[in-house]
Amino acid sequence: PNRSYGIIIEKKMQQLLSALWEEGVREISSRELSWEIGKRLCSEDSILYWAAENKVPVYIPGITDGAVGYQLWLFSQDHRLKINVLKDEQELNDLIFESERTGALIIGGGISKHHVIWWNQFKGGLDYAIYITTAVEWDGSLSGAKVREAISWGKVKEAAKRVTIEGDATVILPLMVASIL
């Protein structure tokens, strides 16, 4: 329902952005913004809350897409707030190249999936990869591409421990977490 989406996102994001502006923030990366959202807007049942609490970086390469992105644009009409996606790129690059091994749990697809595997190809590919997707392979989209496609590009190592799970992430991910716990 709209009361759980558009209106509430507009209200909370405008309050957050105004508070950040008043604190002197004029430039912010998607990782920094994710942590601010997690700390200031989310409860303990939120991934962003726990990411902020534990300093786990969350990068959003398509930050302007969707309701939050629209609120960023709207706020920027009256304020010179900049979203520094190149800072995110540098952090992601550093994270990958400073790591002995890399792995990814990729839920869904699109630009976020591509960002993770794209940066890893420059280091010889991911050592571990788990894809969870409902997308189909036959339409040629990245979202539906199985791990073997990333291997052919060097984005996942041929010897990597890997799996593609076709299913609904809202069912699969909680089952995975429960089995780990």
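In α5, residues E89, L92, N93, I96 and F97 meet H115, W119 and N120 of α6. Four of the residues in this contact are nonpolar, three are polar and one is charged. The model is predicted. Helix α5 spans residues 85-98 and helix α6 spans residues 110-121. Their axes come within 10 Å and cross at roughly 55°. The crossing of the two helices is right-handed.

An open sheet is formed by three strands in the order β3-β4-β5, with parallel pairing. The edges are taken by β3 (103-107) and β5 (156-166). Each edge strand has a single partner, so one of its sides is left without a neighbour in the sheet. On average, neighbouring strands are turned by 10° against each other, direction ignored.

Strand β4 covers residues 126-133 and is joined to β5 by seven bridges. The two strands run parallel. Within this pair, Y131 of β4 stands opposite T164 of β5.

Two helices that pack on the sheet are described here. Helix α6 touches β3 and β4. Its direction makes about 165° with that of β4. Helix α8, residues 169-180, also packs on the sheet and touches β3, β4 and β5. The direction of α8 makes about 135° with that of β4.

Definitions and conventions. Residues numbered from 1 in each chain as written. Predicted model: local features only at pLDDT ≥ 70, side-chain atom pairs only at ≥ 80, totals over all residues. Heavy atoms only, no water. Axes fitted to C-alpha atoms, helices over the stretch in contact; angles between N-to-C directions. Helix = DSSP H or I, 4+ residues; strand = E, 2+ residues; numbered from the N terminus. Left-handed = near helix turned anticlockwise from the far one by under 90°. Contact = heavy atoms within 4.5 Å. Nonpolar A, V, L, I, M, F, W, Y, C, P; charged D, E, K, R; others polar. Pairing = 2+ DSSP bridges.
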